[in-house]
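Here is a short tour for anyone who likes to know the cut-offs behind each term. Have the viewer at hand and follow along.

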Amino acid sequence: MANPFLRRATEYIRDDTTFLEIVSPAPLTTFLANHPRRADLFDLPVRILGAPGSGKTMLAMLAEFRLVESILRDLTSETNKDLAQALAGAGFLDDGKPRVAAVRIPMESEYRDFWELPYDDVIKTKLALWLVQARTMLALLRGLTNGDHRRLDEIRFIARDASEAQLEQIGGLTAAGIRERALEVQRAIYSIGASLLPPKIENLPREAIDPYQPFECVQEIEIDWMGERLVVKPVAMLDDVHALHPHQFEQMFTALARREIKFGRWMMMRLEALSPDAVFRSAKSLATHNLQPDRDFVDVFMQGGENRAKERKRFREMAADMADRYLPRVQAFRNRNATQFKRLVPDEPPRLSEAKLRELSAQVDRDQRRFEVTPARRETIEQLANAYLAGAQSGDREPEVGLAMIRILMARYANRVSNMQVSLFEEFDPDPKTPLKADATVAEGARLHLNELTGRPLHYGFDTLCDASNENAELFLQLAGALVARMETQAIRGRPLALTAAAQQDVLRTKALEIMDGWAFPYARHVRAIVDHMAHECREVSLTANARLGYGGNAIGILETEIAELLASSDELTLVLKYAVAHGAIEVTRDYGQGGKNWCLIEMSGVVCLAHGLTLRRGGFLERDLDYLRGLET
Amino acid sequence: MARPYWQKCVAHFDDGVGEFIKSYFGQADRRCVLVAAAGFDPRSRRVAGLLAAVLKERLTGLFIREERGTPDAELIDAAEDNVKALQADVPSSEVVSVEIFGNDNAPVAGARIAAVIGNYPIADDVTDVILDMTALSIGIGFPAAKLLLEDCERRGTAFHIMIASNPELDDEIASEPGDRPMAVRGFAGVDRNGSALEIARIWVPQLARGRSSALNDIGRSVGETYKICPVLPFPARDPRRADALIAEYETQLVDEWQVDPRDLVYVSEHNPLDCYRTLSTLKARYDMTVDQIFEPSIILSPIGSRVMAAGALMAALEHDLPVQYIETVRYTFDPNKPLVAETSDMIVHLLLSGPSYREVAASATVDAPAGAQA
Amino acid sequence: MNLLGLRLIANIMNWTDDGVATAEYDWLRLMAATKYDGYSDFRAGSRFIENLATWLKQFDPEDRATAYQFVKHRLVYISASEMQQTIEAFYPETVTPFFRRLAAEQVGIAPHELWGSGEGVAAFDRVLRRTLFVGLSDGSRIDILRRANAGRISQEQVVPMMNIGTEKWNDLAKKLREGNADDEKFEHVFLIDDFTASGTTFIRFKDNEWKGKLQKFNKMVCGARGDLKEKFPIVDNYALHIHHYVSTNQAHNTLLERIDRANREWSDRTYGSISITEGTLLPASLALSAERDATMIALCEKYYDHGLYLRLIEHVGEAEQTDLKMGYANCALPLVLEHNTPNNSIPLLWAETAGEQGRAMRPLFRRRDRHG
């Protein structure tokens, strides 16, 4: 039986109603409605940047006029009401009526192929650009007439002032004329692009090279809307523009940035399309083609870029909403009244068995002797730990956490007093120079230690699931899907659906390993070797008795100066790292100040942390250098 | 171009190929051009060796070296050994390097191979052109086949495809897919953007071991489909091969593609014509089904076995079907590691054009069961 | 969705690890839907999952994992779609190449030149018209064969059963001449069957006597020729072709051997030449072997009812084996065909017994037995 969570490609969903039922409006609000340049999104060129799976295509599909119309035509459903509200927030609606007519144009590799033609760059760019425009016009007409909502003759194009001279080349202002001309252009150019042996430049057909600039000529479209005339602004959402050659993109982008253009134009692209430098988010690298971000164009980042805590919180809300929409589609859960996904993955802490607890307690006693901690000092430490736990907000305050905290604090104590003078005559129990502190970092470190010492689950609960997804909706669905499969097993076996912490950890770890084993992207093997090695070291260091990385480590730091040099070079390592970022193996934080130095943090992604038993909290890193990374490559 | 005589395509297998080569290429007036891969694949030398032994100096070679980034040293060594052996077998030959990726890492194999073939002079006295698809990737092999076939058809000469296949060895060669699914150059299919009817697509992915991630991405690029009909090998040398693939592709079949089990397509692992016939029948029937309601489109993704891919190639050429694939960035293979099961290569020969079909090409009668012809 | 069925299997298999159970459920559901549920003996309400449950329960708990792993990794099930593939491939892959060579020979050109020669094409058509296709059992699925070749093989060239009476022979002769006045008699005969594992059913020498389908066919031709004389529509010394959709490697070799002997020994042989072909040839490695399948072979020994053997002897009246633990002719196959399970497969797969002479056996794919 199909598990809806595991169906990653929403593009497959044929039926609009089904699509609308599961699509979450949250990205519209988060990325568009709350964007500081919301007002300019339909006027200036917009670049929408995100990792694979961040939901770019889903966003574009939802914003298409065809769907906007079907949402507005049925506002009786709650789902559609929510969607309409979000669309309005993002500026797609005005007074409950469409304000724009957007179409998604997939920029398949076909366009990149034009770059291989044996012509001058200007000609090649022109061919691709005109093909995009022709297809946009055809798609607009399809979207506007869709489902016989209106006839071609009920659609009228409104020209930009001062464009009269160009009207003829686009086929006039009637829908029929525009359609015919667009078809002609697209047919001629398609055959050139698709041919194995392209025609000589002097043999290019006229239809392909005669001027054709509908984006410059057309300003608005007048349509019939529920019996009244309505003027909408056309928007072309060019999806996957990263498939273009960088020079080709530069030329097309420059052409599309012309101020004369009144069409809205969005370019949705993967982060990795940018240079490695840009993937590593150094702000100045975003400027391009002599155009300035914010002045000449607007960037929308579909993840990252904002405060991390805020980002995680936002993602959790979105993910919960999405999961709840998918849940009713799981057949095995029918009649089980499962409406809230969150409840099925409770964050109730695991409990150690009495026997294991005794074993742990004995080990802590042994360590006390090993660290030469006096009973009195132990008592002080115990008080510290207990006081923290008593006041902590976290749900996991089980006795074993206290014990493991005590063990860490005793180790720290032993370290801090190790170089003090031992007196032969008194009991040696000096106060350390830096006083011990029991806080959340120690508690989290303790949980990691417990995972190693007793096998106590580390990764469970809805928030962990979200954090492990690195704000990537598709990845979240995959992980959630694996949990759902296990819940199905519970259903089959006639047990409650909710999974214990141990079951959740088991599923998540297995799935994470499966995802990593399935990595198939450029340099995947290198990337795997690198993260496996880094993760192994991080786990090892996190498990030192004194938990010197606090929460635990999940990153390495390389000095900014070294990284900047690397990114400027043509070293293959930059490509390896770029693909690692783009495909969710690592994340990068630039300019992280610590210990008076400026670091570039290379952090393991959530999936790697799940697979290797690392904390999902940020900040703990090992100081390394580039030679270290190079050494890991093979 | 319609080629109804392909329903009667002359094919030879295994020992029959050797016999055919002896009697056919043994004729003193045959002048032949062989286009083949000069890569690491241990099977690269099989076909050239068979032909050279009979044709000797009447054989000219164009050997293609597919260049992909920085491969492992053992693979480079293996490729160089193969190049030397091929040149020794076919002294009148040249080796041409073809870059598979552009400087932006976009796959450009199709445009590059088209330029190589387009500029390769084939002498007027050449009677036969043989494309050895054994070790050519489909991004290279398909465009090459199309150009060579069309050229042979113009001249009225014979075009052959030969393949040395070994499914067990295929399993040992792992490939890292690139990140851009796309149409094979020259195989974008009919332009349907202008159609007044809604397009209804059937996607026909060929399942192969270790390629699920690539097929996933290709599937997404295909987008919305009317149906997905995965192709499985049967009959196969290993009778459990199809079942093992079904288990390997469980997530795709059940969750991602939601395939109706009745839509699984079984084609021979041994005979490319079986795949060709099956796809031709599917095409004919589907066209009839959706006629006047939808615009039909059947998209092929023949990754994996070259034998089945050759059948898909014939169907794509014959019916102008789009072929969607994903380029391989890097191969992983240990040439020195013995196979799990010692297996022999299977050899296939197909004759696709030329005087041999004069009679059936001219006649209107077509040797096909009812319902298999459009 | 059959949740209880899956729970049933989990209980029988004692899957305590939910991770294992989840993975196995997925596999079971997929394979049931793709292949196994289509087994022709299964009935509404009792399909693969249910039969698997019944089957697994007959084993002691410690043996169930072996049995389950056998189904998962060794069983070869040829589904209806797969069978259809081999039937549809019969004409283009067996008939056409063979006749292309033959026709080329007749007109004196090379086989690859045939389609380039008008005379050659005519010769091919002539050979094809003068060919009779005979089904040897229900498994030969002549209905599918006919449909797959509508337009190239005439209905009048195909006979679904081996028992052809006088009237039918006359009819065949009439239709043959009606098709083309030049065609007097059939020159080629294809005998078609679904499967052979050992070749025994087709031809065997036992108690100083030749038996099997080939012998029966030969005898029938002899008889009909005697009755009809000149009107009998098959030429003397016609070419006989034996085609199995599925054959084991062992059977292929056995058939060659025995036919060679029959050619020498049969004084009443009606055919001039004989060829053996198959749609798919199963490798020798398919059969269970001591080194690879020791645990499953042990189950075949342990869960065995000798009554099965006695029943076989009673109906067949002959056997060159002393028990039936590894299947008929000791073939030890892990094979199931969509419409029946061959008796050459291990009986644990197909046998149903009362247990009077050992353990009562429960089938996974119940065999519809021609021998009772």
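## The contact between the chains

The contact draws 35 residues from chain B and 33 residues from chain A; two residues are in contact if their C-beta atoms, placed from the backbone, lie within 7 Å. This is a predicted model, in which local features need pLDDT of at least 70 and side-chain atom pairs count only at pLDDT 80 or more, while totals for chains, interfaces and linings use all residues. Residues are numbered from 1 along each chain as its sequence is written, with chains lettered from A and ligands numbered from 1 in the order in which they are written.

On the side of chain B that touches chain A, β7(B) gives the largest share, seven residues. Helices (H or I, at least four residues) and strands (E, at least two) are DSSP runs, numbered from the N terminus. By class, that side has 13 nonpolar (Ala, Val, Leu, Ile, Met, Phe, Trp, Tyr, Cys and Pro), eleven charged (Asp, Glu, Lys and Arg) and eleven polar residues (the others, Gly among them).

## The sheet in chain B

Chain B has an open, mixed sheet of seven strands in the order β1-β14-β6-β5-β2-β3-β4, where two strands pair if DSSP finds at least two bridges between them. β1 (10-13) and β4 (93-99) of chain B each have a single partner strand, so one side of each lacks a neighbour in the sheet.

Look next at β2 (residues 32-37) and β5 (residues 128-132) of chain B, which pair in the parallel sense over four bridges. There, B:Leu34 has B:Ile130 as its bridge partner.

## A helix across the strands

Helix α3 (residues 73-89) of chain B lies across β3 (59-67) and β4 of chain B, at about 170° to β3(B). Axes are lines fitted to C-alpha atoms, for helices over the stretch in contact, and angles run from 0 to 180 degrees between N-to-C directions.
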